[in-house]
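Me: I am new to this structure. Please show me how to read its features, one at a time.

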Amino acid sequence: METIENETDRLKPIQKIVQSCIQCGTCSGSCPNEFAMDYTPRTLWQMVLANETDDIFQSRTFTLCSACYYCTLRCPRGLELTDAMAALKQLAVEENMPRHRQSTLFYKNFVESVRRHGRVREMEFMTLYFLALKNPLHPFGFAGLGAKLFMKKKIDLQLPSRGTGKLAPLFDKVAELEKLEKEA
Amino acid sequence: MKYNYYPGCSLEGTATEYDIATRAFIKAAGCELVDIDDWTCCGASAADAVSHLLSLALPARVIALAEQQNDIDDILVPCSACYLNLKRVTTRIPSDLTLARKLNLILEQEGLALAGRARPRHLLDVITRDIGPSGVRDLVTTSLEGLTIAPYYGCQCLRPYAVFDDPEAPVSMEPFIEAVGGRVHPWDMGGKCCGASHMNTKPHVAMELVGAILKGAQTADAIVTVCPMCQMNLEAHQKKISRLHNEELNISILYLPQLLGLALGLSEQEVGMNLNLSVTREFRNRAGLTMEKREAIGNNP
(Lines give C-alpha, C1' and ligand atoms only; values in the text may rest on other atoms or scores of the structure.)
Protein backbone atom coordinates (compact mmCIF):
# COMPACT_ATOMS: atom_id res chain seq x y z
CA MET A 1 0.00 0.00 0.00
CA GLU A 2 1.16 3.49 -0.82
CA THR A 3 0.94 6.60 1.25
CA ILE A 4 -2.45 7.94 2.29
CA GLU A 5 -1.98 10.94 0.03
CA ASN A 6 -1.60 8.82 -3.08
CA GLU A 7 -4.57 6.69 -2.17
CA THR A 8 -6.77 9.75 -1.91
CA ASP A 9 -5.55 10.83 -5.34
CA ARG A 10 -6.47 7.50 -6.84
CA LEU A 11 -10.04 7.79 -5.65
CA LYS A 12 -10.47 11.36 -6.89
CA PRO A 13 -11.91 10.58 -10.35
CA ILE A 14 -14.37 8.16 -8.74
CA GLN A 15 -15.31 10.69 -6.07
CA LYS A 16 -16.09 13.11 -8.87
CA ILE A 17 -18.57 10.62 -10.35
CA VAL A 18 -20.42 9.97 -7.08
CA GLN A 19 -19.96 13.44 -5.57
CA SER A 20 -23.64 14.32 -5.50
CA CYS A 21 -24.83 10.93 -4.19
CA ILE A 22 -27.75 11.44 -1.80
CA GLN A 23 -27.46 7.96 -0.25
CA CYS A 24 -31.00 7.01 -1.27
CA GLY A 25 -30.10 3.35 -1.91
CA THR A 26 -31.83 3.04 -5.29
CA CYS A 27 -28.61 1.51 -6.64
CA SER A 28 -28.54 -1.15 -3.90
CA GLY A 29 -32.21 -1.96 -4.44
CA SER A 30 -31.66 -2.30 -8.19
CA CYS A 31 -28.46 -4.32 -8.17
CA PRO A 32 -28.94 -7.98 -9.21
CA ASN A 33 -25.68 -8.97 -7.47
CA GLU A 34 -26.31 -7.17 -4.21
CA PHE A 35 -27.15 -10.49 -2.51
CA ALA A 36 -23.53 -11.60 -2.90
CA MET A 37 -21.90 -8.33 -1.82
CA ASP A 38 -20.36 -7.62 1.59
CA TYR A 39 -21.12 -3.90 1.30
CA THR A 40 -24.09 -2.61 -0.69
CA PRO A 41 -23.39 -0.21 -3.57
CA ARG A 42 -24.86 2.65 -1.53
CA THR A 43 -22.40 1.98 1.30
CA LEU A 44 -19.56 1.67 -1.21
CA TRP A 45 -20.19 5.22 -2.51
CA GLN A 46 -20.13 6.47 1.06
CA MET A 47 -16.78 4.72 1.55
CA VAL A 48 -15.44 6.26 -1.67
CA LEU A 49 -16.42 9.75 -0.54
CA ALA A 50 -14.87 9.10 2.88
CA ASN A 51 -11.55 7.95 1.34
CA GLU A 52 -11.79 4.52 2.96
CA THR A 53 -9.46 2.98 0.39
CA ASP A 54 -8.44 -0.07 2.39
CA ASP A 55 -12.01 -1.10 3.12
CA ILE A 56 -13.09 -0.50 -0.48
CA PHE A 57 -10.44 -2.85 -1.85
CA GLN A 58 -10.86 -5.37 0.95
CA SER A 59 -14.48 -5.58 -0.12
CA ARG A 60 -15.50 -7.56 -3.22
CA THR A 61 -18.47 -5.32 -3.97
CA PHE A 62 -16.98 -3.58 -7.02
CA THR A 63 -15.86 -6.85 -8.61
CA LEU A 64 -19.45 -8.10 -8.38
CA CYS A 65 -20.75 -5.43 -10.74
CA SER A 66 -21.89 -7.19 -13.93
CA ALA A 67 -22.54 -3.91 -15.78
CA CYS A 68 -26.31 -4.37 -16.10
CA TYR A 69 -26.73 -0.58 -15.84
CA TYR A 70 -29.87 -0.73 -13.68
CA CYS A 71 -28.29 1.61 -11.10
CA THR A 72 -27.10 4.05 -13.76
CA LEU A 73 -30.55 4.04 -15.34
CA ARG A 74 -32.41 4.56 -12.06
CA CYS A 75 -30.09 6.85 -10.07
CA PRO A 76 -32.22 9.91 -9.27
CA ARG A 77 -29.09 12.06 -9.45
CA GLY A 78 -28.17 10.69 -12.88
CA LEU A 79 -24.79 9.44 -11.69
CA GLU A 80 -22.76 7.12 -13.94
CA LEU A 81 -22.48 4.46 -11.25
CA THR A 82 -21.53 1.60 -13.59
CA ASP A 83 -18.58 3.73 -14.73
CA ALA A 84 -17.63 4.27 -11.08
CA MET A 85 -17.60 0.49 -10.54
CA ALA A 86 -15.45 0.09 -13.67
CA ALA A 87 -13.04 2.74 -12.37
CA LEU A 88 -12.58 0.73 -9.17
CA LYS A 89 -11.92 -2.42 -11.25
CA GLN A 90 -9.32 -0.45 -13.22
CA LEU A 91 -7.49 0.41 -10.00
CA ALA A 92 -7.53 -3.22 -8.87
CA VAL A 93 -6.10 -4.28 -12.25
CA GLU A 94 -3.51 -1.53 -12.29
CA GLU A 95 -2.20 -2.54 -8.89
CA ASN A 96 -2.48 -6.30 -9.34
CA MET A 97 -4.38 -6.62 -6.09
CA PRO A 98 -3.97 -10.29 -5.09
CA ARG A 99 -7.38 -10.39 -3.42
CA HIS A 100 -9.14 -9.74 -6.72
CA ARG A 101 -7.00 -11.81 -9.06
CA GLN A 102 -9.84 -14.14 -10.10
CA SER A 103 -11.46 -11.10 -11.76
CA THR A 104 -8.46 -8.97 -12.70
CA LEU A 105 -6.60 -11.84 -14.39
CA PHE A 106 -9.72 -12.57 -16.43
CA TYR A 107 -9.91 -8.99 -17.71
CA LYS A 108 -6.15 -8.73 -18.27
CA ASN A 109 -5.82 -11.94 -20.23
CA PHE A 110 -8.86 -11.11 -22.35
CA VAL A 111 -7.38 -7.76 -23.26
CA GLU A 112 -3.95 -9.33 -23.86
CA SER A 113 -5.46 -11.74 -26.40
CA VAL A 114 -7.02 -8.73 -28.17
CA ARG A 115 -3.71 -6.86 -28.22
CA ARG A 116 -1.95 -9.84 -29.77
CA HIS A 117 -4.46 -10.86 -32.39
CA GLY A 118 -6.91 -7.99 -32.86
CA ARG A 119 -9.78 -10.33 -32.03
CA VAL A 120 -10.35 -12.47 -28.97
CA ARG A 121 -9.27 -16.03 -29.34
CA GLU A 122 -11.61 -17.56 -26.81
CA MET A 123 -9.62 -20.75 -26.28
CA GLU A 124 -6.29 -18.97 -26.01
CA PHE A 125 -7.71 -16.42 -23.65
CA MET A 126 -9.25 -19.02 -21.35
CA THR A 127 -5.97 -21.00 -21.40
CA LEU A 128 -4.01 -17.88 -20.45
CA TYR A 129 -6.56 -17.16 -17.72
CA PHE A 130 -6.41 -20.64 -16.23
CA LEU A 131 -2.61 -20.64 -16.35
CA ALA A 132 -2.45 -17.25 -14.66
CA LEU A 133 -4.87 -18.33 -11.93
CA LYS A 134 -2.53 -21.18 -11.01
CA ASN A 135 -5.52 -22.97 -9.56
CA PRO A 136 -5.44 -26.50 -10.99
CA LEU A 137 -9.08 -27.11 -10.06
CA HIS A 138 -10.71 -24.05 -11.64
CA PRO A 139 -10.51 -25.30 -15.28
CA PHE A 140 -12.33 -28.51 -14.40
CA GLY A 141 -15.50 -26.55 -13.81
CA PHE A 142 -15.39 -25.67 -17.51
CA ALA A 143 -14.03 -28.90 -18.98
CA GLY A 144 -17.46 -30.27 -19.90
CA LEU A 145 -18.46 -27.07 -21.64
CA GLY A 146 -15.09 -26.91 -23.40
CA ALA A 147 -15.57 -30.40 -24.79
CA LYS A 148 -19.09 -29.54 -25.96
CA LEU A 149 -17.90 -26.39 -27.72
CA PHE A 150 -15.02 -28.28 -29.31
CA MET A 151 -17.38 -30.96 -30.64
CA LYS A 152 -19.52 -28.22 -32.18
CA LYS A 153 -16.33 -26.80 -33.75
CA LYS A 154 -16.96 -23.52 -31.95
CA ILE A 155 -13.49 -23.37 -30.45
CA ASP A 156 -10.13 -24.51 -31.76
CA LEU A 157 -7.36 -25.95 -29.69
CA GLN A 158 -5.13 -22.92 -29.88
CA LEU A 159 -1.97 -22.68 -27.92
CA PRO A 160 -1.23 -19.19 -26.76
CA SER A 161 0.93 -17.39 -29.31
CA ARG A 162 2.47 -13.96 -29.60
CA GLY A 163 0.41 -13.19 -32.68
CA THR A 164 1.20 -10.23 -34.89
CA GLY A 165 0.78 -7.67 -32.14
CA LYS A 166 -1.93 -6.28 -34.40
CA LEU A 167 -3.26 -3.73 -31.94
CA ALA A 168 0.01 -3.04 -30.14
CA PRO A 169 0.36 0.49 -31.61
CA LEU A 170 -3.19 1.35 -30.48
CA PHE A 171 -2.53 -0.03 -26.99
CA ASP A 172 0.79 1.84 -26.76
CA LYS A 173 -0.79 5.15 -27.76
CA VAL A 174 -3.58 4.64 -25.21
CA ALA A 175 -0.97 4.01 -22.50
CA GLU A 176 1.01 7.08 -23.57
CA LEU A 177 -2.03 9.37 -23.44
CA GLU A 178 -3.08 7.96 -20.06
CA LYS A 179 0.39 8.60 -18.69
CA LEU A 180 0.33 12.18 -19.93
CA GLU A 181 -3.05 12.71 -18.32
CA LYS A 182 -1.88 11.35 -15.00
CA GLU A 183 1.15 13.61 -14.98
CA ALA A 184 -0.93 16.66 -15.80
CA MET B 1 -31.88 -1.31 -46.39
CA LYS B 2 -28.11 -1.69 -46.31
CA TYR B 3 -26.09 -1.97 -43.12
CA ASN B 4 -22.46 -2.17 -42.23
CA TYR B 5 -22.08 -5.40 -40.31
CA TYR B 6 -20.00 -5.79 -37.16
CA PRO B 7 -20.29 -9.39 -35.92
CA GLY B 8 -17.75 -9.12 -33.08
CA CYS B 9 -15.49 -11.89 -31.79
CA SER B 10 -18.12 -14.16 -30.20
CA LEU B 11 -19.94 -14.54 -33.50
CA GLU B 12 -16.76 -15.97 -35.00
CA GLY B 13 -16.45 -18.53 -32.22
CA THR B 14 -18.84 -19.67 -29.54
CA ALA B 15 -21.80 -17.85 -31.12
CA THR B 16 -21.29 -18.92 -34.75
CA GLU B 17 -24.98 -19.77 -35.04
CA TYR B 18 -25.93 -16.19 -34.14
CA ASP B 19 -23.86 -15.00 -37.10
CA ILE B 20 -25.34 -17.64 -39.41
CA ALA B 21 -28.92 -16.87 -38.31
CA THR B 22 -28.49 -13.09 -38.43
CA ARG B 23 -27.10 -13.20 -41.97
CA ALA B 24 -29.79 -15.62 -43.14
CA PHE B 25 -32.67 -13.77 -41.51
CA ILE B 26 -31.56 -10.29 -42.65
CA LYS B 27 -31.23 -11.60 -46.21
CA ALA B 28 -34.63 -13.26 -46.07
CA ALA B 29 -36.11 -9.98 -44.83
CA GLY B 30 -34.74 -8.26 -47.93
CA CYS B 31 -31.91 -6.30 -46.31
CA GLU B 32 -28.20 -6.34 -47.07
CA LEU B 33 -25.17 -6.60 -44.82
CA VAL B 34 -21.80 -5.15 -45.80
CA ASP B 35 -18.94 -6.67 -43.83
CA ILE B 36 -16.52 -4.20 -42.26
CA ASP B 37 -13.09 -5.14 -43.53
CA ASP B 38 -10.30 -5.75 -40.96
CA TRP B 39 -12.56 -5.22 -37.92
CA THR B 40 -11.13 -5.85 -34.47
CA CYS B 41 -12.49 -6.54 -30.97
CA CYS B 42 -14.65 -3.88 -29.25
CA GLY B 43 -13.06 -4.68 -25.87
CA ALA B 44 -16.18 -6.44 -24.56
CA SER B 45 -16.71 -5.78 -20.86
CA ALA B 46 -13.06 -6.57 -20.08
CA ALA B 47 -11.40 -3.49 -21.59
CA ASP B 48 -13.46 -1.16 -19.39
CA ALA B 49 -12.16 -3.00 -16.35
CA VAL B 50 -8.58 -2.40 -17.50
CA SER B 51 -8.57 1.10 -18.98
CA HIS B 52 -11.35 3.58 -19.68
CA LEU B 53 -9.59 5.08 -22.69
CA LEU B 54 -8.85 1.63 -24.15
CA SER B 55 -12.53 0.70 -23.77
CA LEU B 56 -13.39 3.62 -26.05
CA ALA B 57 -10.40 3.36 -28.42
CA LEU B 58 -11.15 -0.24 -29.41
CA PRO B 59 -14.73 0.41 -30.60
CA ALA B 60 -13.64 3.77 -32.07
CA ARG B 61 -11.34 1.85 -34.42
CA VAL B 62 -14.27 -0.22 -35.69
CA ILE B 63 -16.41 2.89 -36.20
CA ALA B 64 -13.64 4.73 -38.04
CA LEU B 65 -13.06 1.71 -40.28
CA ALA B 66 -16.73 1.56 -41.23
CA GLU B 67 -16.83 5.29 -41.92
CA GLN B 68 -13.73 5.04 -44.10
CA GLN B 69 -14.92 2.05 -46.11
CA ASN B 70 -18.31 3.26 -47.38
CA ASP B 71 -21.04 5.85 -46.95
CA ILE B 72 -23.49 3.63 -45.08
CA ASP B 73 -24.12 5.22 -41.67
CA ASP B 74 -25.83 2.33 -39.87
CA ILE B 75 -23.66 -0.34 -38.27
CA LEU B 76 -25.71 -3.41 -37.41
CA VAL B 77 -24.42 -5.15 -34.27
CA PRO B 78 -25.96 -8.42 -33.02
CA CYS B 79 -23.95 -8.62 -29.76
CA SER B 80 -25.26 -6.41 -26.95
CA ALA B 81 -21.83 -5.80 -25.41
CA CYS B 82 -20.33 -4.80 -28.77
CA TYR B 83 -23.36 -2.62 -29.45
CA LEU B 84 -23.03 -0.77 -26.16
CA ASN B 85 -19.30 -0.21 -26.64
CA LEU B 86 -19.78 1.28 -30.10
CA LYS B 87 -22.78 3.29 -28.92
CA ARG B 88 -20.81 4.76 -26.00
CA VAL B 89 -18.32 6.25 -28.45
CA THR B 90 -20.85 7.78 -30.82
CA THR B 91 -22.91 9.10 -27.89
CA ARG B 92 -19.98 10.70 -26.09
CA ILE B 93 -17.84 12.25 -28.83
CA PRO B 94 -20.23 15.02 -29.93
CA SER B 95 -20.22 16.54 -26.42
CA ASP B 96 -16.70 15.58 -25.34
CA LEU B 97 -14.20 17.17 -27.70
CA THR B 98 -11.21 16.25 -25.53
CA LEU B 99 -12.17 12.60 -25.86
CA ALA B 100 -12.75 12.94 -29.60
CA ARG B 101 -9.30 14.51 -29.97
CA LYS B 102 -7.66 11.72 -27.96
CA LEU B 103 -9.39 8.99 -29.94
CA ASN B 104 -8.37 10.62 -33.21
CA LEU B 105 -4.77 10.85 -32.00
CA ILE B 106 -4.87 7.10 -31.37
CA LEU B 107 -6.54 6.29 -34.70
CA GLU B 108 -4.33 8.64 -36.69
CA GLN B 109 -1.46 6.15 -36.51
CA GLU B 110 -3.42 3.90 -38.86
CA GLY B 111 -4.65 6.76 -41.03
CA LEU B 112 -8.11 6.53 -39.47
CA ALA B 113 -10.36 9.24 -38.04
CA LEU B 114 -13.83 9.52 -36.54
CA ALA B 115 -16.10 11.29 -39.01
CA GLY B 116 -19.06 11.40 -36.60
CA ARG B 117 -21.39 9.83 -39.15
CA ALA B 118 -21.77 6.26 -37.89
CA ARG B 119 -24.88 5.03 -36.13
CA PRO B 120 -24.39 1.74 -34.24
CA ARG B 121 -27.66 -0.19 -34.09
CA HIS B 122 -28.48 -3.37 -32.25
CA LEU B 123 -29.94 -6.18 -34.35
CA LEU B 124 -33.15 -5.98 -32.28
CA ASP B 125 -33.39 -2.26 -33.08
CA VAL B 126 -33.15 -2.98 -36.82
CA ILE B 127 -35.70 -5.80 -36.56
CA THR B 128 -38.04 -3.61 -34.49
CA ARG B 129 -37.85 -0.28 -36.26
CA ASP B 130 -36.76 -1.07 -39.82
CA ILE B 131 -38.19 -4.48 -40.64
CA GLY B 132 -41.19 -4.33 -38.30
CA PRO B 133 -43.71 -7.01 -37.32
CA SER B 134 -45.63 -6.70 -40.59
CA GLY B 135 -42.38 -7.09 -42.53
CA VAL B 136 -41.95 -10.44 -40.81
CA ARG B 137 -45.62 -11.50 -40.82
CA ASP B 138 -45.85 -11.11 -44.60
CA LEU B 139 -42.95 -13.53 -45.06
CA VAL B 140 -44.05 -16.32 -42.70
CA THR B 141 -44.30 -19.68 -44.45
CA THR B 142 -44.14 -21.97 -41.41
CA SER B 143 -46.31 -20.71 -38.56
CA LEU B 144 -44.95 -21.53 -35.12
CA GLU B 145 -48.46 -21.79 -33.76
CA GLY B 146 -48.75 -23.46 -30.39
CA LEU B 147 -45.31 -22.39 -29.19
CA THR B 148 -44.96 -20.22 -26.12
CA ILE B 149 -41.83 -18.11 -26.29
CA ALA B 150 -40.18 -16.17 -23.45
CA PRO B 151 -38.44 -13.05 -24.78
CA TYR B 152 -35.16 -12.42 -22.98
CA TYR B 153 -33.48 -9.07 -23.68
CA GLY B 154 -30.68 -9.00 -21.13
CA CYS B 155 -29.08 -5.71 -20.18
CA GLN B 156 -26.86 -3.90 -22.57
CA CYS B 157 -29.15 -3.57 -25.59
CA LEU B 158 -31.61 -1.83 -23.23
CA ARG B 159 -29.45 0.04 -20.77
CA PRO B 160 -28.12 2.63 -20.21
CA TYR B 161 -29.27 3.97 -23.59
CA ALA B 162 -33.02 3.77 -24.16
CA VAL B 163 -33.11 3.67 -27.95
CA PHE B 164 -35.80 1.33 -29.23
CA ASP B 165 -37.45 -0.13 -26.13
CA ASP B 166 -38.37 0.55 -22.53
CA PRO B 167 -35.24 -0.27 -20.49
CA GLU B 168 -37.36 -1.13 -17.43
CA ALA B 169 -40.15 -3.12 -19.11
CA PRO B 170 -38.99 -4.22 -22.57
CA VAL B 171 -41.60 -5.40 -25.08
CA SER B 172 -39.97 -5.03 -28.51
CA MET B 173 -39.76 -8.79 -29.21
CA GLU B 174 -43.40 -9.48 -28.41
CA PRO B 175 -45.02 -8.42 -31.72
CA PHE B 176 -42.48 -10.57 -33.56
CA ILE B 177 -43.22 -13.66 -31.51
CA GLU B 178 -46.90 -13.07 -32.33
CA ALA B 179 -46.12 -12.34 -35.99
CA VAL B 180 -44.67 -15.85 -36.41
CA GLY B 181 -47.70 -17.42 -34.73
CA GLY B 182 -46.24 -17.88 -31.25
CA ARG B 183 -47.58 -16.89 -27.86
CA VAL B 184 -45.62 -14.53 -25.61
CA HIS B 185 -44.72 -16.10 -22.26
CA PRO B 186 -45.83 -13.66 -19.57
CA TRP B 187 -42.91 -12.91 -17.26
CA ASP B 188 -40.89 -10.10 -15.79
CA MET B 189 -37.42 -11.60 -16.24
CA GLY B 190 -36.90 -10.28 -19.77
CA GLY B 191 -34.64 -7.39 -18.83
CA LYS B 192 -32.88 -8.99 -15.86
CA CYS B 193 -29.15 -9.68 -15.77
CA CYS B 194 -27.65 -13.10 -16.62
CA GLY B 195 -24.45 -12.36 -14.70
CA ALA B 196 -22.35 -11.88 -17.83
CA SER B 197 -18.69 -12.84 -17.26
CA HIS B 198 -19.39 -13.70 -13.61
CA MET B 199 -20.06 -17.16 -15.07
CA ASN B 200 -16.28 -17.43 -15.44
CA THR B 201 -15.02 -15.47 -12.45
CA LYS B 202 -17.84 -15.95 -9.89
CA PRO B 203 -19.90 -18.88 -11.15
CA HIS B 204 -21.94 -19.26 -7.95
CA VAL B 205 -23.29 -15.71 -8.39
CA ALA B 206 -24.07 -16.05 -12.10
CA MET B 207 -25.78 -19.41 -11.54
CA GLU B 208 -28.16 -17.79 -9.04
CA LEU B 209 -29.17 -15.19 -11.62
CA VAL B 210 -29.49 -17.67 -14.49
CA GLY B 211 -31.38 -20.09 -12.24
CA ALA B 212 -34.04 -17.46 -11.58
CA ILE B 213 -34.39 -16.75 -15.30
CA LEU B 214 -34.66 -20.45 -16.25
CA LYS B 215 -37.20 -20.99 -13.45
CA GLY B 216 -39.30 -18.09 -14.68
CA ALA B 217 -39.56 -19.66 -18.13
CA GLN B 218 -40.40 -23.24 -17.16
CA THR B 219 -43.89 -23.17 -18.68
CA ALA B 220 -42.59 -21.73 -21.95
CA ASP B 221 -41.31 -23.83 -24.87
CA ALA B 222 -38.20 -21.74 -25.38
CA ILE B 223 -36.38 -18.58 -24.40
CA VAL B 224 -35.16 -16.33 -27.21
CA THR B 225 -32.11 -14.11 -26.77
CA VAL B 226 -30.36 -11.31 -28.63
CA CYS B 227 -26.88 -11.51 -27.10
CA PRO B 228 -24.15 -14.20 -27.31
CA MET B 229 -23.23 -13.79 -23.63
CA CYS B 230 -26.84 -14.19 -22.46
CA GLN B 231 -27.32 -17.15 -24.80
CA MET B 232 -24.21 -18.94 -23.51
CA ASN B 233 -25.06 -18.31 -19.88
CA LEU B 234 -28.64 -19.54 -20.30
CA GLU B 235 -27.91 -22.62 -22.42
CA ALA B 236 -24.55 -23.98 -21.28
CA HIS B 237 -24.98 -24.65 -17.58
CA GLN B 238 -28.53 -25.96 -17.27
CA LYS B 239 -27.52 -29.33 -15.82
CA LYS B 240 -25.37 -27.79 -13.11
CA ILE B 241 -27.99 -25.18 -12.27
CA SER B 242 -30.72 -27.83 -12.13
CA ARG B 243 -28.61 -29.77 -9.64
CA LEU B 244 -27.97 -26.62 -7.64
CA HIS B 245 -31.67 -25.75 -7.44
CA ASN B 246 -32.70 -29.37 -7.06
CA GLU B 247 -35.19 -28.90 -9.87
CA GLU B 248 -35.26 -29.78 -13.58
CA LEU B 249 -34.54 -26.48 -15.34
CA ASN B 250 -33.86 -27.60 -18.92
CA ILE B 251 -35.32 -25.41 -21.62
CA SER B 252 -34.55 -24.63 -25.26
CA ILE B 253 -32.60 -21.43 -25.82
CA LEU B 254 -32.62 -19.87 -29.29
CA TYR B 255 -31.43 -16.64 -30.80
CA LEU B 256 -34.30 -14.43 -32.00
CA PRO B 257 -33.21 -14.53 -35.68
CA GLN B 258 -33.16 -18.35 -35.45
CA LEU B 259 -36.79 -18.42 -34.32
CA LEU B 260 -37.89 -15.85 -36.89
CA GLY B 261 -35.82 -17.58 -39.59
CA LEU B 262 -37.54 -20.92 -38.97
CA ALA B 263 -40.91 -19.23 -39.44
CA LEU B 264 -39.68 -17.71 -42.69
CA GLY B 265 -39.06 -21.21 -43.98
CA LEU B 266 -35.33 -21.39 -43.35
CA SER B 267 -34.10 -24.85 -42.37
CA GLU B 268 -32.52 -25.68 -39.01
CA GLN B 269 -29.20 -25.85 -40.82
CA GLU B 270 -29.72 -22.45 -42.40
CA VAL B 271 -30.22 -20.82 -39.00
CA GLY B 272 -27.38 -22.85 -37.42
CA MET B 273 -29.60 -24.68 -34.96
CA ASN B 274 -27.31 -27.71 -35.00
CA LEU B 275 -24.84 -25.53 -33.09
CA ASN B 276 -27.09 -24.57 -30.17
CA LEU B 277 -26.26 -26.18 -26.84
CA SER B 278 -29.81 -26.50 -25.62
CA VAL B 279 -32.64 -27.36 -27.97
CA THR B 280 -34.92 -30.02 -26.56
CA ARG B 281 -36.65 -32.79 -28.51
CA GLU B 282 -40.00 -31.46 -27.26
CA PHE B 283 -39.24 -28.09 -28.77
CA ARG B 284 -38.36 -29.64 -32.12
CA ASN B 285 -41.57 -31.66 -32.07
CA ARG B 286 -43.76 -28.76 -31.07
CA ALA B 287 -42.09 -26.45 -33.58
CA GLY B 288 -42.99 -28.95 -36.28
CA LEU B 289 -39.36 -29.69 -36.96
CA THR B 290 -40.23 -33.30 -37.59
CA MET B 291 -37.84 -36.20 -38.01
CA GLU B 292 -38.47 -36.35 -41.77
CA LYS B 293 -37.76 -32.70 -42.22
CA ARG B 294 -34.59 -32.96 -40.19
CA GLU B 295 -33.41 -35.97 -42.16
CA ALA B 296 -34.19 -34.20 -45.39
CA ILE B 297 -31.74 -31.42 -44.51
CA GLY B 298 -29.20 -33.86 -43.10
CA ASN B 299 -29.32 -32.52 -39.58
CA ASN B 300 -28.66 -34.31 -36.33
CA PRO B 301 -31.52 -34.74 -33.88
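Me: Which residues touch the most other members of the largest nonpolar core?

Reply: First, the ground rules. This is a predicted model: local features need pLDDT of at least 70, side-chain atom pairs count only at pLDDT 80 or more, and totals for chains, interfaces and linings use all residues. Residues are numbered from 1 along each chain as its sequence is written, while chains are lettered from A and ligands numbered from 1 in the order in which they are written.

Now the idea. In soluble globular proteins, nonpolar side chains tend to be buried together. A nonpolar core is a set of buried Ala, Val, Leu, Ile, Met, Phe, Trp, Tyr and Cys residues joined through C-beta atoms within 7 Å. A residue is buried if 20 or more other C-beta atoms lie within 10 Å of its own, exposed if 12 or fewer, and partly exposed in between; C-beta atoms are placed from the backbone.

Here the largest core holds 160 residues, and B:Ala57, B:Ile223 and B:Val224 touch the most other members. Helix 3 (residues 52-69) of chain B gives this core its largest share, eleven residues. Helices (H or I, at least four residues) and strands (E, at least two) are DSSP runs, numbered from the N terminus.

Me: What does B:Val224 touch?

Reply: Contact means C-beta atoms, placed from the backbone, within 7 Å. Leaving out residues up to four places away in sequence, the partners of B:Val224 include B:Ile149, B:Met173 and B:Leu259.

Me: How many helices and strands does chain A have?

Reply: Count ten helices and zero strands. Of its 184 residues, 41% count as buried. The C-alpha trace of chain A spans about 50 × 40 × 30 Å along its principal axes.

Me: How many residues does each chain bring to the contact between them?

Reply: Chain A brings 43 residues and chain B brings 45 residues. On the chain A side, helix 7 gives the largest share, eight residues. By class, that side has 25 nonpolar, eight polar and ten charged residues. Ala, Val, Leu, Ile, Met, Phe, Trp, Tyr, Cys and Pro count as nonpolar, Asp, Glu, Lys and Arg as charged, and the others, Gly among them, as polar.

Me: Which domains does the assignment give for chain B?

Reply: Domain bounds come from an automatic or database domain assignment. For chain B it gives domain 1 (2-122) and domain 2 (133-296). Their C-alpha centres lie 25 Å apart. In chain B, 23 residues of domain 1 are in contact with 27 residues of domain 2. Helix 1 of chain B supplies the largest share of the domain 1 side, nine residues.

Note on methods:
Two residues are in contact if their C-beta atoms, placed from the backbone, lie within 7 Å.
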